[in-house]
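Please read the points below alongside the model.

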Amino acid sequence: MLTAPDFRFKNSNTNLPEKGNYTWKTPSNIALVKYWGKREPQLPENPSISFTLDACFTLTTIVFSKRDLRLSELSSKPDKKSIKQVHVNKSVPFEIYFEGVKNDEFKPKIKKFLDRIIHYVPFISNYTLVITSRNSFPHSSGIASSASGLSALALCIMSLEKEINPAITDAYFNKKASFLARLGSGSASRSIEGELVVWGKHEAFNESSDLYGIKYPKEIHKNFKNYHDTILLVDKGEKQVSSTVGHNLMYQHPFAKQRFTQAHENLSKLNIILQNGNLKEFIAIVESEALTLHAMMMSSNPYFILMKPNTLEIIRKIWAFRAQTNSNICFTLDAGANVHILFPEKEKKAVNNFIVSKLLLYCQKGDYICDRVGLGAKQL
Ligand code: DP6
């Protein structure tokens, strides 16, 4: 297991490339055991596990252009050997183009991210960054893009690190990418690898860490191969309460301690289920996790509700369909009103029919996204 100092950039190579241009396609993910509650610096209060998705992804390119530091900013301190130190903790100049248009709205979040990670990747302060990014899903779909968006930035930066220091291993590359992504958004730490990722220290996984996500280390039962996630877009508006605010409300939450204990227990149970393929037990944990997440929101101070009437209608219909057909369909929710419908590959025909005929009327403009478990981020 690696600790934070292991992620400090150690290479003394001052021959930085003049330019770098890296593109990554990074997936979104859907948590089965939820992360809700964190402490500084972006450490989870409980471990979580997620399916990596496939169709919902972000495509990001970063072009790094070396700055002439001595001319632009070091004119009063032309001491070569101090270049690295002088520029640690300096802001990194960058521009962001989202869906083809210059976007200043995302700048504060990215600036905060770069400021947080610069300690671990000080070489980026030698560059100007031009970031171009787009999502496969509409920005206004109510699907959080922070996981895929921030993991993409982390991976592009790691590609530059790898160019400067080719000796780093793939394992280190992935762990550090996850570590950096986490500092931008907790769930982004789970958007590097597939098909299942555990983030947060848990006794069943020796290699697990609060600092980064790890690929689920055991053989996954065939029932969970190619698992489907059809996302019903119930409400595409901006969330009234951001995840960050919601996480913070767990500090004073009367049930926080029990909740964190429960997440540990649920992950222990799910670990067994993922290996033995028991779908009924899988459903019981996954749905309970989703409703517990929203119960935490409803019982925090101030309290809030992110589900909409149609979220509940869909849940009722799923339960009725399951009772009638003995299907293994189930739902989960993230911090919003949209419903993720999970089901095994072998039930895809029946469940798709059910979704199209009975559930689309609860979606905004009938919109939904067919996704499934994916294999992780890819460099293009
Ligand atoms: C409900 O990762 O979006 O989706 O760390 O503040 O960026 P920050 O929060 P974020 O929280 C996601 C919470 C969740 C559950 C989960 O994905 O585990």
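**Notes on the predicted model**

1. Residues 24 or more positions apart make up 76% of the contacts in the protein with a separation of 6 or more, a contact being heavy atoms within 4.5 Å. This is a predicted model, in which local features need pLDDT of at least 70, side-chain atom pairs count only at pLDDT 80 or more, and totals for chains, interfaces and linings use all residues. Numbering runs from 1 along each chain as its sequence is written, and side-chain values use heavy atoms, with hydrogens and water left out.

2. The protein has 10 helices and 14 strands; these are DSSP runs numbered from the N terminus, helices being H or I of at least four residues and strands E of at least two. Its radius of gyration is 21 Å, close to the 21 Å from the globule rule for 380 residues, so the protein is as compact as a globular protein of that length. The radius is taken over C-alpha atoms, and the rule is 2.2 Å times the number of residues to the power 0.38. Along the principal axes, the C-alpha atoms fill a box of roughly 75 × 45 × 40 Å.

3. Of the 380 residues, 54% count as buried, that is, under 20% relative accessible area with a 1.4 Å probe and protein chains only. The accessible surface comes to about 16800 Å², and carbon and sulfur atoms hold 54% of that surface; areas come from the Shrake-Rupley method with a 1.4 Å probe.

4. There are 49 positive and 35 negative side chains, and the centres of the two sets lie 1 Å apart. Lys and Arg count as positive, Asp and Glu as negative, while His and the chain ends are not counted. Each charge is placed at NZ of Lys, CZ of Arg, CG of Asp or CD of Glu.

5. The whole structure holds 18 aromatic pairs, meaning rings of Phe, Tyr and Trp (its six-membered ring) with centres within 6.5 Å; planes under 30 degrees apart are stacked, over 60 edge-to-face, and the rest tilted. Phe205 and Tyr216 have ring centres 5.8 Å apart and planes at 65°, so this pair is edge-to-face. Phe205 lies in the loop between strands E8 (196-199) and E9 (213-215), and Tyr216 in the loop between E9 and strand E10 (228-232), so the pair ties together parts 11 residues apart in sequence. Phe205 is buried at 1% relative accessibility, and Tyr216 is buried at 4%.

6. One aromatic cluster is formed by Phe7, Tyr120, Tyr172, Phe179 and Tyr212.

7. Ser125 sits in the loop between helix H3 (107-117) and strand E7 (127-135). Ser125 is buried, at 1% relative accessibility.

Methods
Buried < 20%, exposed > 50% of the residue type's maximum accessible area, 1.4 Å probe, protein only.
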